[in-house]
Each structure stands twice: as structure tokens, then as C-alpha cells.
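Biologist: I would like to learn how to read a structure, one feature at a time. Where do we start?

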Amino acid sequence: MTQPLFAAETGTGSRVVVLIHGFGGFHGIWDRVANELASENRVIAYDLPGHGSSLGWPDAGPAKIAVRAILADLAARGVEKAHLFGHSMGGAIAALVALSDPARVASLTLLAPGGFGEEIAGPLLRRFAAARSQAEIRDCLNAMSGPKFHPADDSVEALETVRSIDGQREKLIEIAAAITENDRQGVIPREMLAKLTMPVAVVWGTEDSVLPFSQTEGLPSAFRLYPLQGVGHMLPEEAPETVLDIIRSTMG
């Protein structure tokens, strides 16, 4: 049975904030950020197609499927304009949403986004997809994070709970194989990104082991880059306060 695209919606306000998680995650990775933003904004945190409570979305996996699903869901919710925030694969999807329907995007904050360069840690992401136990999940998260960060127990437990959904692990293995084929990822051309006219912030950890910091080279001149020294790939967990400050600054 096909499930609807799931979103956790909190808060109220005239501004709408959309949070898009990365590969292998779910809406809960944004909890700390979402709780802070919900005090003065309407916050919508999605489970991407093929993840969590959106596991049953048809043909889940390709970014274009997620883009269509999010745009359709925002239209159904009556959202005419939103501030988009995406991490990793969710960053690529957020950028593609903005390219597909720029009038609907008020600002764009991308945390170590996918699609900004070919290089990707394919073996690590495939191992993360197949991880079943808390120990396996923790080991992958440690490898993705900066050297001074260790994932919280409740974060690991939450991911284990999501992995226990029937068919979830198998779907993640399928998606990981597709997005890391030949240990390369698809790239959004810089000339396409340069067409975006809304405020765009790019946040990247200098110790990112999944998508290297070097992928920040050659960004469009209008993009604002925030390098985070000593931080790895798991930005929403590693540097939530800094991420919040950048989000608020980008929204204006």
C-alpha cells in the first residue's frame, strides 16, 4: 500500500520553513533546529520518498521524484512561498526544487549539499544503508562526523527504529547503489545554480568525509559560503546552533 509523503508540521507564523533531511535520515534529525524555528515560523520537516513514513512512495529514489513530491505537497498545503533548508542529498533536492519552481522559494540554505561535485564516499554510504544495529549505525555516523563529535544515543536509537520498518533497509540499499554508482554522484551544473536569484547560503564542514569541502570551489558569486572548521558531514547534529544562526540570517 502506498503511503502519503509524510511531514512533521509544527509552529505557526507567516513564514514557512521546509526542512529536508539527507540520505538514510528522516524528519527527526531536524528536531533541535525545528523546535527553535517553530517558535515563530510554520515548520514542515519531510520524510523523503523511500525514507521513514514516506517509505511507500512510488518509484522513490531519484531526486526528481522527491522534487515533484515536495512541490505537490506544498501546493496541497497551500504554501505559496517557503524558506528551504536541505542537508546532503536533501540539499541537492532543495536546490532542484528552487530551480524547478523558483517563485515558490524565498531563500535556500544548503548544508553540505549533494550534487556539487562528482566525488562521494560511496563505500561509506552503502555501509550506512546496510547498517542494522545501533553499533553499526554509530560506527557509520562517527565516520561521517568531525573528529571531535560523537553521535548522541537518542539519535542512534531513532535511526535504528526507522531501520526496523519492514522494507526500509532494503530500500536504502537500493537508493545508495543508485546515487553512488561507480563511486560518483550526479552533478548540478554551476551555470544552472547561477540562475538562482533568491538568497542562497552554503554551509560545509572542512572535515567532511562524505562530500569533500573542495566541492565549494567555483560556487556562483551570489552564494554565501560558510565554512565550518573541524566539522564533518553531519551538520544538523554537529553544529545545530551555528546552523540555526545561518538559517535565520539567510531568511532575513
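**Loops, sheet, core and cavity**

Modeller: Asp 59 is found in the loop between β3 (42-46) and α2; helices (H or I, at least four residues) and strands (E, at least two) are DSSP runs, numbered from the N terminus. This is a predicted model, in which local features need pLDDT of at least 70 and side-chain atom pairs count only at pLDDT 80 or more, while totals for chains, interfaces and linings use all residues. Residues are numbered from 1 along each chain as its sequence is written, and side-chain values use heavy atoms, with hydrogens and water left out.

Biologist: What is the phi of Asp 59?

Modeller: Most residues other than glycine have a negative phi. Asp 59 has a positive phi, near 60 degrees. Asp 59 counts as exposed because its relative accessibility is 63% (buried means under 20% relative accessible area, exposed over 50%, partly exposed in between, with a 1.4 Å probe and protein chains only).

Biologist: In what order do the strands of the sheet run?

Modeller: Two strands pair if DSSP finds at least two bridges between them. Here seven strands form an open, mixed sheet in the order β1-β3-β2-β4-β5-β6-β7. β1 (7-10) and β7 (224-228) are at the edges with a single partner strand each, so one side of each has no neighbour in the sheet. Strand β2 (residues 16-20) pairs with β4 in the parallel sense over four bridges, and Leu 19 has Phe 85 of β4 as its bridge partner.

Biologist: Is His 87 buried or exposed?

Modeller: His 87 counts as buried because its relative accessibility is 4%. His 87 lies in strand β4 (residues 82-87). Leaving aside residues up to four places away in sequence, its contacts (heavy atoms within 4.5 Å) include Trp 30, Leu 111 and His 233.

Biologist: Which residues of the largest nonpolar core touch the most other members?

Modeller: Nonpolar side chains tend to be buried together in soluble globular proteins. A nonpolar core is a set of buried Ala, Val, Leu, Ile, Met, Phe, Trp, Tyr and Cys residues joined through side-chain atoms within 4.5 Å. Of the 83 residues in the largest one, Val 18, Phe 23, Ile 93 and Leu 108 touch the most other members.

Biologist: Which residues line the largest cavity?

Modeller: On a 1 Å grid over the protein atoms alone, a cavity is a set of points where a 1.4 Å probe fits but cannot get out, and lining residues have an atom within 4 Å of a point. Among those lining the largest cavity are Leu 48, Met 89, Ile 93 and Ile 175.

How values were computed:
1 Å grid on protein atoms, 1.4 Å probe; cavity = no way out; pocket = protein on both sides within 12 Å on 5 of 7 lines; lining within 4 Å.
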